[in-house]
Structures are given as C-alpha cells and as structure tokens.
Amino acid sequence: MARHIVARTTEIPPGGNKVVDIAGRDIVVFHVNGEFFALLNRCPHEGAPLEKAACVARLTSPEPGVYERSRVGEMLRCPWHGWEFDMRNGQSWFDPKRVKIRSYPVAVERGEELQKGPYVAETFAVHVEDSYVIVEV
Ligand code: FES
C-alpha cells in the first residue's frame, strides 16, 4: 500500500474534513477529537457523499428514558437517509456484520520525518573534444 501525503494537519480544522483523490478513489479525511480518519467518500447504501455527513455522538440507552452520549463526533450520519457509521472502522451501526464503509489507515508525521535523502541529482559524464561539448546519457 503506497503512502500519500494529503494535507497539512492545519488544513483540516477540528470537526472538518477534506476530500482527496488517491489513485482515482474519492477519499474523505475527517479530523475529530485530535485524530484523523480516512474513509471512502461514498455511502454503501446509495452512494451519498460522506463529506456532507453529520459527525454525531454514539447514543445508547441503558434503560427507558435514560440516554448516554459517548465518542462525540465519531459517528457519521449519512446526509441522504440517516444511516450511521463508526468513523474508526467504517462499520454501520445498525448492521455491522454486513454493511461497512471502506476505511484507510491514517498517520500524522512531522515534515522532517517524511523527508528522504540525501537528494542526489542524476549526473552524466561531460567531455570537451576539440570545440564540441559531448554529454553521455
Ligand atoms: S445513501 Fe447513505 S443512507 Fe442512503
């Protein structure tokens, strides 16, 4: 799996996202609670763009009339029909065994760590023969 540098961390504000094209795939990168998540930008139901999804909390109810919110911002609610997905792994909330969004590993690295080196330009031998300059390739 090839690595692709898609954005500076400051380009995607907390709660925001950025859509990138990687090898012909439309991928949306979310920034939530200091973490970044990458998912295919297509709902598995009917193909809604997930960049428009609401980032909501996980809501559970241990008993009637009692609601608990957790993982605020980590659940995606599709903009077209409201299906919900876990941003960490793309699994759907209502049918996690069968319905899933493709998710991709994300890493945040400092610029110096991405630098490969030393950089060496390709060189070619040059000779001067009489009044002609000859380059060997
Ligand atoms: S297209 Fe996403 S729930 Fe229908």
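## Salt bridges

The structure, a predicted model, holds eight salt bridges. A salt bridge is counted where a side-chain nitrogen of Lys or Arg lies within 4 Å of a carboxyl oxygen of Asp or Glu. Side chains of opposite charge can pair when their charged atoms come close. One of the bridges joins Arg-71 to Glu-74, with 2.8 Å from N to O. Arg-71 is partly exposed because its relative accessible area is 26%, whereas Glu-74 is buried at 6%. Arg-71 and Glu-74 also belong to a network of salt bridges that links them with Glu-35, Asp-86 and Arg-88.

Arg-77 forms a salt bridge with Glu-84, and their closest N and O atoms are 2.9 Å apart; Arg-77 is partly exposed at 37% relative accessibility. Asp-95 meets Arg-98 in a salt bridge of 2.9 Å, N to O. Asp-95 is buried, with a relative accessibility of 15%, but Arg-98 is exposed, with a relative accessible area of 71%.

## Basis of the description

Residues are numbered from 1 along each chain as its sequence is written. In this predicted model, local features need pLDDT of at least 70 and side-chain atom pairs count only at pLDDT 80 or more, while totals for chains, interfaces and linings use all residues; side-chain values use heavy atoms, with hydrogens and water left out.

## The open sheet

Strands are DSSP runs (E, at least two residues) numbered from the N terminus, and two strands pair if DSSP finds at least two bridges between them. Four strands form an open sheet in the order β1-β2-β3-β7, with antiparallel pairing. β1 and β7 stand at the edges with a single partner strand each, so one side of each is left without a neighbour in the sheet. Strand β2 (residues 25–32) is largely enclosed by the rest of the structure, because six of its eight residues are buried. In a regular strand the side chains alternate between the two faces of the sheet.

Strand β1 (residues 17–22) is joined to β2 by six bridges, and the two run antiparallel. Val-19 has Val-28 in β2 as its bridge partner, and Asp-21 stands opposite Asp-26 in β2. Six bridges also join β2 to strand β3 (residues 35–40), again in antiparallel fashion. Here the bridge partner of Phe-30 is Phe-37 in β3.

## Turns and positive phi angles

β1 and β2 form a hairpin with two residues between them. Ala-23 lies in the loop between these strands and has a positive phi of about 50°, although it is not a glycine. Ala-23 is exposed, with a relative accessible area of 70%. The hairpin of β2 and β3 likewise has two residues between its strands, and Asn-33 there takes a positive phi near 50°.

Arg-71, described above for its salt bridge with Glu-74, lies in strand β5. The phi of Arg-71 is also positive, near 45°, in a residue other than glycine.

## The aromatic pair

The structure holds one aromatic pair. Rings of Phe, Tyr and Trp (its six-membered ring) pair if their centres lie within 6.5 Å; planes under 30 degrees apart count as stacked, over 60 as edge-to-face and the rest as tilted. The rings of Trp-83 and Phe-94 have centres 4.9 Å apart and planes at 65°, so the pair is edge-to-face. The pair links distant parts of the chain, eleven residues apart: Trp-83 is in the loop between β5 (66–77) and β6 (84–86), and Phe-94 is in the loop between β6 and β7 (103–104). Trp-83 is partly exposed at 24% relative accessibility, while Phe-94 is exposed, with a relative accessible area of 52%.

## A nonpolar surface patch

Phe-124, Val-126, Val-128, Val-133, Val-135 and Val-137 make a nonpolar surface patch of about 630 Å². Patches are made of residues with over 30% relative accessible area and no salt bridge; like charges are joined within 9 Å, and nonpolar side chains (Val, Leu, Ile, Met, Phe, Trp, Tyr) within 5 Å. Accessible areas come from the Shrake-Rupley method with a 1.4 Å probe, and for residues only the protein chains shown count as cover.

Strands β8 (126–129) and β9 (132–135) each supply at least two residues of the nonpolar patch. Val-126 lies in β8 and is exposed, with a relative accessible area of 51%.

Note on methods. Buried < 20%, exposed > 50% of the residue type's maximum accessible area, 1.4 Å probe, protein only.
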